[in-house]
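Please study the protein shown below, and keep its sequence at hand while working through the exercises.

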Amino acid sequence: MNIRSIITAVIGLLVSTACSGGAKQEKVMKKDSKAIVVFFSHAGDNYAVGNIEVGNTKIVADCITELTGAEQFEIVTHKYDGMAYNPLIKLAQEETKNGELPEYEGDIDLSSYDTIFIGGPVWWGTYPQVMFTFFKKHANDLKGKTVIPFTTHEGSGLANCVDDVKVAFPGANVTKGFSIYGHEVRTEKAKVEKWINGLK
């Protein structure tokens with residue numbers, strides 16, 4: 001390969017990088033928008049972090065609230081309380097396979113919010129099924145609103161979560177989302193802050 005070919009290849013690589021990972025995230029939060037964080041978080045036995053009193057996703061949700069002033073609605077079910085990790089993931093797999101919709105406590109009126117953060121751990125390629133119960137109940141409530149998915153995980157990234165949110169809320173403006181390793185949430189909050197600052 002001659003020098004001209006090498007230079008052309010390098011320029012092509014730089015352009016490709018600038019058009020993908022190097023591109024700035026679109027500003028999606030309006031200055032005076034009212035926001036809420038809707039999330040499910042699992043305390044107890046978790047992969048990579050052991051037995052925890054506060055779930056990984058809740059730590060991220062609290063950080064979002066701290067940085068944006070967003071309110072919160074936690075999707076709470078006691079179905080998984082006290083379960084060891086291996087039985088939990090087996091149950092999660094069965095729920096996902098069967099499309100089960102576990103019940104959760106309470107509910108929220110989303111009509112007054114402009115921006116909705118939706119977060120949870122990744123269980124078998126998507127959010128836990130209890131979150132889909134929430135999605136079904138609120139399928140028509142997010143039309144025209146900005147929806148920002150986020151996940152905590154140990155290797156799955158966003159998995160199918162963004163696509164599943166788009167299917168659940170077809171009239172919403174669903175952004176590309178954010179993911180962070182569960183074992184990082186206690187020490188790498190700067191990553192959440194960088195993401196949030198990129199939305200403003």
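The structure is a predicted model, in which local features need pLDDT of at least 70 and side-chain atom pairs count only at pLDDT 80 or more, while totals for chains, interfaces and linings use all residues. Residues are numbered from 1 along each chain as its sequence is written, and side-chain values use heavy atoms, with hydrogens and water left out.

**Exercise 1. Describe the overall architecture.**

Task: State how many helices and strands the protein has, and in what order the elements run.

Solution. Step 1: Helices (H or I, at least four residues) and strands (E, at least two) are DSSP runs, numbered from the N terminus. Step 2: By this rule the protein holds 6 helices and 8 strands. Step 3: Starting at the N terminus, the order is α-β-β-β-α-β-α-β-α-β-α-β-β-α. Step 4: Of the 200 residues, 43% are buried, where buried means under 20% relative accessible area, exposed over 50% and partly exposed in between (1.4 Å probe, protein chains only). Step 5: Take contacts (heavy atoms within 4.5 Å) between residues at least 6 apart in sequence; 78% of them join residues at least 24 apart.

**Exercise 2. Find the nonpolar cores.**

Task: Identify the residues with the most contacts inside the largest nonpolar core, and the elements that give two or more residues to this core.

Solution. Step 1: A nonpolar core is a set of buried Ala, Val, Leu, Ile, Met, Phe, Trp, Tyr and Cys residues joined through side-chain atoms within 4.5 Å. Step 2: The largest such core has 32 residues, and Ile 75, Ile 118 and Phe 135 have the most contacts inside it. Step 3: Two or more residues each come from strand E1 (35-39), helix H3 (85-98), strand E5 (115-121), helix H4 (129-137) and helix H5 (161-168). Step 4: H4 supplies the largest share of this core, 5 residues. Step 5: Apart from this core lies another, of 21 residues, including Ala 35, Val 37, Phe 39 and Ala 70.

**Exercise 3. Classify an aromatic pair.**

Task: Determine how the rings of Phe 178 and Trp 195 are arranged.

Solution. Step 1: A pair of aromatic rings is described by the distance of the centres and the angle of the planes. Step 2: Rings of Phe, Tyr and Trp (its six-membered ring) pair if their centres lie within 6.5 Å; planes under 30 degrees apart count as stacked, over 60 as edge-to-face and the rest as tilted. Step 3: This rule gives 13 aromatic pairs. Step 5: The pair links distant parts of the chain, with Phe 178 in strand E8 (residues 178-181) and Trp 195 in helix H6 (residues 189-199), 17 residues apart. Step 6: Phe 178 is buried because its relative accessible area is 12%, and Trp 195 is buried because its value is 6%. Step 7: Phe 117, Phe 150, Phe 178 and Trp 195 form one aromatic cluster.

**Exercise 4. Examine single residues.**

Task: Decide whether Lys 145 is buried or exposed, and name the residues that Thr 151 touches.

Solution. Step 1: Lys 145 lies in the loop between H4 and strand E6 (146-153). Step 2: The relative accessibility of Lys 145 is 11%, so Lys 145 counts as buried. Step 3: Lys 145 and Thr 115 are 30 residues apart in sequence and 6.0 Å apart in space, C-alpha to C-alpha. Step 4: Thr 151 lies in strand E6 and counts as buried because its relative accessibility is 0%. Step 5: Not counting residues up to four places away in sequence, Thr 151 touches Gly 120, Val 122, Tyr 127, Gly 157, Leu 158, Cys 161, Phe 178, Ser 179 and Ile 180.
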